[in-house]
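Here's a quick briefing for anyone meeting this structure for the first time. Have a look at the model, then read on.

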Amino acid sequence: MPLWSGPSKPVASIVLPPEIWLEILGYLPRSAFHSFRHLNAVLWNLYLDGQYGTLDLAAKKVLEYKLGKKWMTRFESFDHMFQVYGLSCISHRVGTITLAPYIEYATGTLQRSLAVPTRKVNSTSSLRWLPTKFLGVKRPVTELVPEPLSKLDFQAVKARAITDKIQRLTCSLPHVMKIVVRSLHNVHFEQDVELPLTCTYPYGTLSYHAQNIFHLVLDLENGLWAGLNPIDLDKDLPTTLAFPQLHTFEATFGEGSWVAVPRIREILSRSTTLETVILRYPFTLDDNSDIPLPLSIPSGSDTRVNFPQLRIFRFSPRPLEVHDTDLLIPFINAYSRQLDTLNLESGVSDTLIPHLDLSSMRTLQIRLKTNAAYAGLLSLIKAPNCILLHLSLILDSHLASPRPPSSSKLRVLQLKVAEITGFLSFIASLAENCPHLVSLDLTVRTKISEGLAVVNRAMLPSVLPRLPYTGYVPAVSVITSSIEHAQDQALQHWDLFNLDIQIGAIHNAITLWPFMDALAKKVPTLKSFCGKGHMSTGKSQSEG
């Protein structure tokens with residue numbers, strides 16, 4: 001057969017609008033654009049947008065190298081980053097800036113560019129050598145140290161110079177819509193570093209871009225660390241700062257950083273466009289302390305809300321005790337009637353439940369700590385004015401075998417419980433109480449029982465086979481057979497389309513394929529397992 005038999009027929013090209021191509025390419029990871037960035041100008045620009053869309057000025061990886069017989073540390077230099085992002089063809093692509101504190105050492109600080117009196121020293125002398133994170137020195141032999149400036153004066157000069165350099169760069173970026181302010185997460189010191197240190201934030205960047213910021217993230221978890229004084233943002237944030245177009249606000253607070261809450265609350269009170277608030281409190285406060293909530297709450301007879309467009313509120317992950325829950329009641333009273341999504345996965349006691357208003361809420365993610373709280377929530381869900389469509393519910397371990405919720409409007413249910421007694425009756429009741437449920441994600445942490453048959457995670461292998469079940473766990477066979485022989489009419493008329501049933505804790509949960517296969521024979525509309533859109537096992541079986 002000849003290698004070439006004449007010209008081939010031209011292949012018809014598919015012409016799609018640019019919007020469709022952008023939608024298709026949006027499903028690819030950013031790393032994929034590197035492979036075909038040279039195909040055309042559009043893909044090249046998408047690659048550049050992904051490569052330079054974020055300017056990360058947080059502390060870089062700490063490098064270690066040997067100086068004589070001693071291992072030293074330094075931070076990667078920012079010099080190359082300043083040069084690249086200063087180019088006009090790159091600067092307009094930056095949409096996100098990550099800021100971090102800039103630290104100057106109090107002892108042995110080396111410098112190169114500052115015009116201060118200096119003297120030359122040998123790096124192998126007895127002088128302890130502590131480089132700053134902004135120096136690009138790889139194998140220093142001779143360096144310059146400040147003299148006669150005092151150590152603290154030199155720190156201040158150096159910190160101001162670096163902060164000014166950062167602010168000049170970030171204020172030259174025209175299309176910044178998201179700013180992330182981080183704390184001291186990635187800052188590492190030698191054990192013998194002498195204090196005090198100088199720590200500064202480039203708040204001029206926040207002020208410059210305040211009119212256009214759409215998304216603000218404050219990661220202030222490590223406000224107090226390694227003997228440093230708390231980073232007092234209350235003094236540094238400008239009093240007149242406002243974000244007139246702010247849509248999303250995220251904050252992570254830690255011990256030593258909540259001193260900034262009053263100033264943040266004052267700034268946010270001027271952001272009337274705020275729609276999403278995400279708060280994280282990964283620390284434990286004393287029993288008598290208040291939650292530092294950075295949102296203004298109406299008090300007394302004042303019924304005005306400062307955030308008329310607020311729709312999403314997430315509070316996690318710190319456990320809420322009874323007194324903490326009471327502190328959230330004024331906020332719930334003020335805003336639950338306008339919220340579309342409420343996330344309280346920290347654990348809620350029964351005192352807060354009566355203050356929830358589900359008349360406009362469509363998504364509720366909540367963790368309940370008491371039987372009374374669960375009973376109160378079931379009553380709210382059953383009310384005629386409840387329009388809840390998506391319920392994600394976590395019940396603490398001591399709340400065993402709960403009764404299912406009842407709502408004709410509920411479409412998505414994610415339920416995590418400790419155990420279920422009478423599995424078949426639970427599923428049948430759920431089908432009867434929530435006839436229009438489309439998706440059910442059920443996770444049981446300890447055991448499932450039906451009559452005398454009890455299934456727990458410890459007795460099961462890493463993977464359960466599909467039907468016909470050929471395993472060696474009699475209890476699984478018994479419960480599966482009970483489902484197959486069930487005659488409940490509610491299952492026949494159930495609108496369920498997607499099902500996922502698992503048993504075990506998060507790290508070792510496995511999918512109960514036999515139960516799901518048996519239910520698929522009873523529910524005519526059930527066509528999807530584990531949210532895949534089909535009922536084949538695929539990779540999920542091996543993943544458990």
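S296 counts as buried because its relative accessibility is 14%, where buried means under 20% relative accessible area, exposed over 50% and partly exposed in between (1.4 Å probe, protein chains only). This is a predicted model, so local features need pLDDT of at least 70 and side-chain atom pairs count only at pLDDT 80 or more, while totals for chains, interfaces and linings use all residues. Residues are numbered from 1 along each chain as its sequence is written, and side-chain values use heavy atoms, with hydrogens and water left out.

**Around S296**
- You'll find S296 in the loop between strand 12 (276-280) and strand 13 (312-316); helices (H or I, at least four residues) and strands (E, at least two) are DSSP runs, numbered from the N terminus.
- Leaving out residues up to four places away in sequence, S296 touches R265, S269, N306, F307 and Y335, with contact meaning heavy atoms within 4.5 Å.
- S296 and F331 sit 35 residues apart in sequence, yet their C-alpha atoms are 8.4 Å apart in space.

**Aromatic rings**
- There are nine aromatic pairs; rings of Phe, Tyr and Trp (its six-membered ring) pair if their centres lie within 6.5 Å, and planes under 30 degrees apart count as stacked, over 60 as edge-to-face and the rest as tilted.
- One of them joins F331 and Y335, a tilted pair at 5.0 Å centre to centre with 35° between the planes.
- F331 and Y335 are about one helical turn apart because four residues separate them in helix 9 (residues 322-335).
- F331 is buried at 0% relative accessibility, and Y335 is buried with a relative accessible area of 0%.
- Ring pairs also tie F307, F313, F315, F331 and Y335 into a cluster.

**Nonpolar cores**
- The largest nonpolar core has 116 residues, and F249 and F313 touch the most other members; such a core is a set of buried Ala, Val, Leu, Ile, Met, Phe, Trp, Tyr and Cys residues joined through side-chain atoms within 4.5 Å.
- Helix 11 (residues 423-433) gives this core its largest share, six residues.
- Another core of seven residues lies apart from it, with F33, L46, Y47 and L48 among them.

**Q502**
- Q502 belongs to strand 20 (residues 498-503) and counts as buried at 19% relative accessibility.
- Beyond residues up to four places away in sequence, Q502 touches L442, T443, V444, A509, I510 and T511.
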